[in-house]
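Could you walk me through reading helix packing and aromatic pairs in a protein model? I would like the general idea each time, and then the case at hand.

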Amino acid sequence: MSTLPGPAPAPPTPASGGLTAAEAAARLAADGPNALPEEPPHRLRDLARRFWGAVPWMLEATIALDLFLGRRVEAAVFALLLVLNAVVGAVQEGRARSALAALRAGLAPRARALRDGQWARIDAASLVRGDVVHLRVGDVVPADVSLLDGALSSDESALTGESLPVERTAGEAVFSGAVLVRGEATGVVTATGSRTAYGRTAALVQAAGTGPNRLEAVVVGIVRALVAVDLALVAVVLADAAWTGRPWHEVVPFALILLVASVPVALPAMFTLAGAVGAVGLAGRGVLTARLAAVEEAAAMTVLCTDKTGTLTANRLAAGEPVGLGGTAPDRVLALALAASDLSSQDPLDLAIAAAAKARGLAAAGARESFAPFDPQTKRTEAVVREGTARLRVVKGAPAVVAALAAAEVPVAEVERLAARGARVLAVAAGPDGGPLALAGLLGLEDPPRPDSAAVVGRLQELGLRVVMITGDGPATARSVARAVGIGDRVLPAAELDARLAGGALDFDAVAGVAPEHKFRLVAALQRGGHVVGMTGDGVNDAAALRQAEVGIAVAGAADVARAAAATVLTAEGLSGTVAIVEESRRIYQRMVTYVLNKVVKTFQVALFLAGGFVLEGGRYVTTPTLVALLLVANDFATMSLATDRVTPSAHPDRWEVRHLLATAAAVAAPLVALTFGLYALGVSRLGMGGGPLHAATFLWLVLSGQATIYVVRARGASWRTVPSRALAAATFGAAAGACALALGGVLMAPVPPAVAAGLLLAALAYLAVGLGLARLAERLARGR
């Protein structure tokens, strides 16, 4: 019957006895807790800043003017839109913060410290300078510690990006954030919190930033263009008023109507809603979103800088094909290496050897009689095993050390061949106990790429992204991994990075030997070159670059500092979540382009028609201010359902080109404006309509043609073949049906004759059919090229 192991024995007590509780409390009060400072969220401030910006200012100005002129209903509509945009954005980002906080729950680390001469488990945040701590395998080092005794193997990949462990002995330092993979030691704390190596690297994050929000610049550009059109039309109306002697008190209210018709009141809310819908979709694919704007900007991402260790690779060593020497079979080399390994130490090298032996169905050579664990001074492990009646001595370690013990020359060619793949090379020797050793063979151990990394990189490249790998490992390892996952084999040493970036060249696939500042400078240089940059990483050494990048992506298991700096966090291992981010962001872009085109077309149609009708009708409104406000509600709220539309992501990075969008919208709006004037003239001249019924019929046509325009502008490329989402279909049908019901029932307007309403509906359907037919023809012509 098996029994559970008892608790680990207490570590030996150093002669100093450690700090007293009073000394520790005094130092804690002086230096602060052993934690990185974190600014708490300011919910009211976050909400308030959403009322500050170009579009909020215009909405606020419109609300003030409406209130001044006594238009309380119109003011309430615009106030509702303003508040809706702010609340949706604040709620979504608050949820993202809560999800990230949940990730950190349960991560409060503990430490073994010597206080008042007794060993105790305390919160790592309570450690202070001078505390004596004991470190064991599996611990995350809680502070910077100078070792007093013992020996450790420290995984510092979260700090340096190097995948292989580093050996530390008495007199050397281990750093906060490192993971201990072998050994046991006692040491004294030399730095805590932001004064540790971890903390100093994290301080780079505070200096990083992505600059102005690109999407906000897009919104401002669109608003500026629409306001310019509005001002031009107002100038025409004012000139006509001056020429005809029309009273100014009739002209100024009309100018306000034009302003109301031109302002994209729901545009910020639409950006926020589209991002929120995309964030929900990403959550279902293992991606948490901290900043909505970053997900939307990922559509334009042209370069993805990805960390190697723990991202492209699993950060787990694996043994390659053994190399037999002197006629030794590869399986024999592996069996001997396993005999000189100790699985109880959880040493990653020994675990990799055991996994390789298990995969081949091999057992260790002989029955072990004695074992000498790895010693950083001798750089080897050693075992004595019994095979039959013979006792065999087996040695495993650094090639130069093992070759010297076997009185053999180092097989330089084989060692260099394995090292060129980025492997850590071990040599194995064996011989009779008490007799000479013979060099048996070599083993290469490396951190291999994840099984899905090559496919993910290939998919990102298909989507038009340039993938660049950055790593703290040497050039040989970088070249091996970059080639294996399909990134390429042009490796640039970090020492040459600044000179290469100064020349503006991006003629490399990977950068090796990088420090945190190299990653930060690479991202910043790419941005200066006009690229939209994504950055993936998991360690504190990645945090500054994650924040600097437009799209910072913290991978699964990332350090708290990396998660806090990133805009998105992957919850599934590997890089596959980046494909989800790119594809979803491009879907968001397609939805937003449809919305913007639709809004600009409608603005051109409504503004040109209102201004032209005002001049041609001798200063009479073609519809009423109340119906214009109702039109905005019917159109803008309905088209916000585009945030859920079914779309196909584009195959290449998407850039917002405001001038191109405006030109496209003008081309679509021109025949629509002509049709609108034609129908108005038909109603006046042939049907004898005027006054209230004519205003109501005008309102109905603007609503119906507006809903048809949604489907005309969404029919870009192959998108005309995609079925609209249920929400979009329901919203457009509801807006059209609601407008018909109001017009036929005479609610808020004079009633429209049923025959006129039916004719307007048929005209809208004809306009839709022609628009979709032209879109299909354009797609065929494009495919024919």
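Q: Glad to start! What kind of model is this, and how many helices and strands are in the chain?
A: Welcome! This is a predicted model. The chain has 27 helices and 22 strands. Of its 785 residues, 52% count as buried. Among the contacts with a separation of 6 or more, 72% are between residues 24 or more positions apart.

Q: At what angle do helix H22 and helix H24 pack?
A: For a helix pair, look at the angle and the distance of the axes. H22 (residues 576–616) and H24 (residues 658–685) pack at about 40°, and their axes are 8 Å apart. That angle makes H22 oblique to H24. The crossing of H22 with H24 is right-handed.

Q: Which residues of H22 and H24 meet?
A: On the H22 side, they include Val593, Leu597, Phe604, Phe609 and Gly612. Their counterparts in H24 include Leu661, Ala665, Leu672, Phe677 and Tyr680.

Q: Where in the chain do tyrosine 589 and tryptophan 656 sit?
A: Tyrosine 589 is in helix H22, while tryptophan 656 is in the loop between helix H23 (625–639) and H24. The two are 67 residues apart, and the pair links distant parts of the chain. Tyrosine 589 has a relative accessible area of 13%, so this residue is buried.

Q: What is the geometry of the pair of phenylalanine 609 and phenylalanine 677?
A: This pair is edge-to-face too, with 5.2 Å centre to centre and 65° between the planes. Phenylalanine 609 belongs to H22 and phenylalanine 677 to H24, 68 residues apart.

Q: Is phenylalanine 609 buried or exposed, and what about phenylalanine 677?
A: Phenylalanine 609 counts as buried because its relative accessibility is 2%. Phenylalanine 677, at a relative accessible area of 26%, is partly exposed.

Q: Which residues form an aromatic cluster here?
A: Phe609, Phe677 and Tyr680 form one cluster.

Methods. Residues are numbered from 1 along each chain as its sequence is written. This is a predicted model: local features need pLDDT of at least 70, side-chain atom pairs count only at pLDDT 80 or more; totals for chains, interfaces and linings use all residues. Side-chain values use heavy atoms; hydrogens and water are left out. Axes are lines fitted to C-alpha atoms, for helices over the stretch in contact, and angles run from 0 to 180 degrees between N-to-C directions. Helices (H or I, at least four residues) and strands (E, at least two) are DSSP runs, numbered from the N terminus. Angles under 35 degrees count as roughly parallel, over 145 as roughly antiparallel, 65 to 115 as roughly perpendicular and the rest as oblique. A crossing is left-handed if the near helix is turned anticlockwise from the far one by less than a right angle, and right-handed if clockwise. Contact means heavy atoms within 4.5 Å. Buried means under 20% relative accessible area, exposed over 50%, partly exposed in between (1.4 Å probe, protein chains only). Rings of Phe, Tyr and Trp (its six-membered ring) pair if their centres lie within 6.5 Å; planes under 30 degrees apart count as stacked, over 60 as edge-to-face and the rest as tilted.
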